Amino acid sequence: MNGDGLTDLVVNESSSEAVRVLQQDATHRFSPLSGSVMGLERATQIGVADCDGDGKKDLVRLLAGGVIEVLRGDGAGGFTRLASDRFSLPGDASNFTLADLDRDERMDIVALGTGSASLYILRNRSRRGASLFELLPTIAAGPSGSQPIALSVADFDADGLPDIAVARAGDSRIVLFNNRSF
Ligand SMILES: [Ca+2]
Ligand SMILES: [Ca+2]
Ligand SMILES: [Ca+2]
């Protein structure tokens, strides 16, 4: 997170509703990076990716009400929170994954709708210094009551495009969504 070549940890603290960055030193010990703790709305999940292509890792957070918030990293372990870096999904989401679905080298967001059995995709249209995610049409992840609970992205048919797998608790199935959109 601070560009020193050593992998750091980002911790989503649900008790204090904060994010904390733990930096690794050369002896492989982790210590809190000063100024890295942010008082935030509670997030159910966080992810790390360089969303705006400036070479610095950003944080992606899933908030209640189906809101995705991007905190832009400064490359030194600090993050900027801007009101314009929030993107609404059509409904509440239980979890998300980051994947470059259209292979434009910008990480897109795939989220699983809560209760609605829906897949939500936010296509990354960000430019350097400006986060922008465009909501694509919702995809049905299964019939109502199929309870999708987990998703994963990988190129399952080896055509070079990442596909989406959804695990459903209601009918005990794993369903593949072949990427033909891009
Ligand atoms: Ca960035
Ligand atoms: Ca992309
Ligand atoms: Ca594929």
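Predicted model: local features only at pLDDT ≥ 70, side-chain atom pairs only at ≥ 80, totals over all residues.
I started with the nonpolar core: the largest one holds 31 residues. Those with the most contacts inside it are Ile68, Ala93, Ile109, Val110, Ala111, Leu119 and Tyr120. I then checked which elements give two or more residues to this core, and got β6 (58-63), β7 (67-73), β9 (93-99), β10 (108-113), β11 (118-124) and β15 (163-168).

Next I picked Ile109 and looked up its contacts. Skipping neighbours within four places in sequence, I found Ile109 in contact with Val60, Ile68, Phe96, Leu98, Leu122 and Phe133.

Then the sheet. I traced 4 strands forming an open sheet in the order β5-β6-β7-β8, with antiparallel pairing. β5 (43-49) and β8 (79-88) are the edge strands, each pairing on one side only. The twist from one strand to the next averages 25°. I also looked at how β7 and β8 pair: antiparallel, over 6 bridges. For Leu71, I noted Arg81 in β8 as the bridge partner.

Arg103 is not a glycine, yet has a positive phi of about 55°. I placed Arg103 in the loop between β9 and β10. Is Arg103 buried or exposed? It counts as exposed, because Arg103 has 12 C-beta neighbours inside 10 Å and the cut-off for exposed is 12 or fewer.

Ala158 also has a positive phi of about 55° without being a glycine. Ala158 lies in the loop between β14 (148-154) and β15. With 8 other C-beta atoms within 10 Å, I logged Ala158 as exposed.

Key
Residues numbered from 1 in each chain as written. Chains lettered and ligands numbered in written order. Core = buried A, V, L, I, M, F, W, Y, C linked by C-beta atoms within 7 Å. Buried ≥ 20, exposed ≤ 12 C-beta atoms within 10 Å, placed from the backbone. Contact = placed C-beta atoms within 7 Å. Pairing = 2+ DSSP bridges. Axes fitted to C-alpha atoms, helices over the stretch in contact; angles between N-to-C directions.
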